[in-house]
Amino acid sequence: MVVALWSSPTICQSTAAGRNVRRRPRSDQTFSPRAALVEVRPSPRGREGQKYAVQVYEAAGVRADEMQAEAFRRTLEILIALGTFSFKLLVDDRNKQLEQNKRLRASELRNIFTRLGPTFVKLGQGLSTRPDICPPEYLEELSQLQDALPTFPDSQAFSCIERELGEPLDSIYSSISPSPIAAASLGQVYKARLKNSGQLVAVKVQRPGIEEAIGLDFYLIRGLGILINQYVDFVTSDVVALIDEFARRVYQELNYVQEGQNARRFKKLYADREDVLVPDIFWDYTSAKVLTMEWVEGVKLNEQDAIDRQGLNLLDLVNTGIQCSLRQLLEYGYFHADPHPGNLLATPEGKLAFLDFGMMSETPEEARYAIIGHVVHLVNRDYEAMARDYYALDFLSPDVDISPIVPALRNFFDDALNSTVSELNFKTIVDGLGAVLYQYPFTVPAYYALILRSLTVLEGLALYADPNFKVLAASYPYFAKRLLTDPNPYLRDALVELLFKDGRFRWNRLENLLVQGRKDRDFTNKDALQPVLKLLLGPDGEELRILVGKEAVRVTEAILVGTAIDTYNSVPAPLRALALNGRADNPFGMSHSEQESMLELRDLVMRIWSLLRSSENFDPSILQPILQALQEPTTRTLGGQVAVGVTQRLAARFLQQVLQ
């Protein structure tokens, strides 16, 4: 299958009403039709769905010898730059200074990518999310890679606007900034006011000749990737497949109509929150190379002084970004894949504005639940289950043995988890996991690499305001809400796994989940009951019912005995001695530690009930599902078992007292 991305005299647009409008240029305009072909075919070691080979096939009107000359010149430029860098690595290796000079070489590679232009800037940014390819020092350096490229002439930008929109500039805008207010590797942005409506807009114009330049670069880079796959043994990932996937994303980013559609979909899914802003797209002024969107007043999220001057709280904005990102990643699975500070603005009203929707990604449904389960396994320190998660997350092929990976995970997390998971720095996890991924045959899917980048960027921004900020702590309310309310079978099983250990219910875990879940504005107690009851009463809930029955006996006994102890302690001492014939020191035949344990359990259960009652959205009707469940035959049987169990335990205690 071959897909052609064309730049031609006829520009197809989507209007706000959903219609397609074709704008034809004026008769005095000339065009040089171009085509970049994206061929879908298997790569040497790639997986299905990632087999994208990017080739520059032809440029109409350009002689073949000119194309070959340009390809030769560019190849020479790339080989000199990367060859010099590779030679330095070889010298370091020969002199046993590879580790010592790793930071220096990473910085040099960042500068090389900047000099080589837009394709390599994008490639470097992509590599900064690949812990399976790059060591941590390179990840950190490449994550600082900026679009440090010169702007192109304004005359070319204005000519492109007229050519794409089919009208003179002065008939479209009443004013437009004489120079760009922002520039990036693929285009630059102007501030303008529409003539017909007076609306302030941002106009993004694509860099001239960018399609051909990127197409040629990726064609050459792919050839290098084939050589790496064949001859570089320590790189375990399929480099060609990664290049193909990344090239596909960059070509999507070149299509501004697609970016507008991305923005519209993103707004529909996530702009329902009062603290999130997504600008509107003006479809009548948008084409494949010109994007017009609503102008957003605000400051970049990394400009803390400016945010403080507006009376805003950076941590509140970052937390908004984290909650929105979690919804993107784990609910609908459609997320902003380029959340660097320049694409996140704080508006004067305190909203978080998302910009630039050229690079989006999707989280597979199975992976969304596996990520939440992975967090549960991390909390439980179940490293074998964590390693198995990598199959579901598509990190490992099914034929890879996880047994050597489990000790590596245990060694890292046992050292890192000196306290609770929520107090763990996210960057620490990324760096530590990156070291593990780099040593073993992992292939990090593109979506997951972008997730790590997204959350790492947000935590990095928050650390400017609060060095003790932890993104996992900020994320935990969302995870708690999903575990308590989501009816998905995988998450119900994860909840049971979290709450039960060795046949005993961990009430402190439930209390913590409720405390954290209440911090999420979408959490309701009523929703939290339904999945648990369905799991308990379902045909597959027999094992859980046995555990719940045993725990119900313990809790009921703790409440009854605890009440008896409180009642006994309220009686004056002389009456106690008289009533118990002088055995007032141990009236229940229980050791002091056993009494303390029972009272602690009773108090913990009562605290959980108080949490439910004190919730803002508490409604006595939340008990209705329990009353309905009590009518179920399964529940009546369970209730009878609990009653018998409690009676037997109390009778045993009474008999023990009599015999003593």
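## Contacts and basis

Contact here means heavy atoms within 4.5 Å. By that rule, and leaving aside neighbours within four places in sequence, L513 is in contact with Y476, A480, L483, L484, L495, L498 and L499.

The model is predicted: local features need pLDDT of at least 70, side-chain atom pairs count only at pLDDT 80 or more, and totals for chains, interfaces and linings use all residues. Residues are numbered from 1 along each chain as its sequence is written, and side-chain values use heavy atoms, with hydrogens and water left out.

## Nonpolar cores

A nonpolar core is a set of buried Ala, Val, Leu, Ile, Met, Phe, Trp, Tyr and Cys residues joined through side-chain atoms within 4.5 Å. Buried means under 20% relative accessible area, exposed over 50%, and partly exposed in between (1.4 Å probe, protein chains only).

The largest core holds 140 residues. L301, Y390, L409, F413, W507 and L513 have the most contacts inside it. Helix α16 (residues 446-465) gives the most to this core, with 10 residues. Another core lies apart from it, with 17 residues, including F152, I161, Y173 and V203.

## Helix α17

Helices (H or I, at least four residues) are DSSP runs, numbered from the N terminus. Helix α17 covers residues 471-485, 15 residues in total. From first C-alpha to last it reaches 22 Å, close to the 21 Å expected at 1.5 Å a residue. That expected span is 1.5 Å times one less than the number of residues.

α17 bends by about 30° at P477. The bend is the angle between axes fitted to the seven residues ending there and the seven starting there. Of its 15 residues, 14 are buried, so α17 is largely enclosed by the rest of the structure.

## Aromatic pairs

Rings of Phe, Tyr and Trp (its six-membered ring) pair if their centres lie within 6.5 Å; planes under 30 degrees apart count as stacked, over 60 as edge-to-face and the rest as tilted. The structure holds 10 such pairs. F113 and F120 form a tilted one, 5.9 Å centre to centre with 40° between the planes. Both residues, F113 and F120, are buried.

Y390 and F395 are stacked because their ring centres are 5.3 Å apart and their planes at 20°. Y390 is buried at 2% relative accessible area. F395 is buried at 2% relative accessibility. F266, Y270, Y332, F354 and F357 form one aromatic cluster.

## A106 in helix α2

A106 lies in helix α2 (residues 102-116). Its relative accessible area is 0%, so A106 is buried. Leaving aside neighbours within four places in sequence, A106 is in contact with E137, Y138 and E141. A106 and E137 are 31 residues apart along the chain, yet their C-alpha atoms are separated by 6.6 Å.

Notes: Helices (H or I, at least four residues) and strands (E, at least two) are DSSP runs, numbered from the N terminus.
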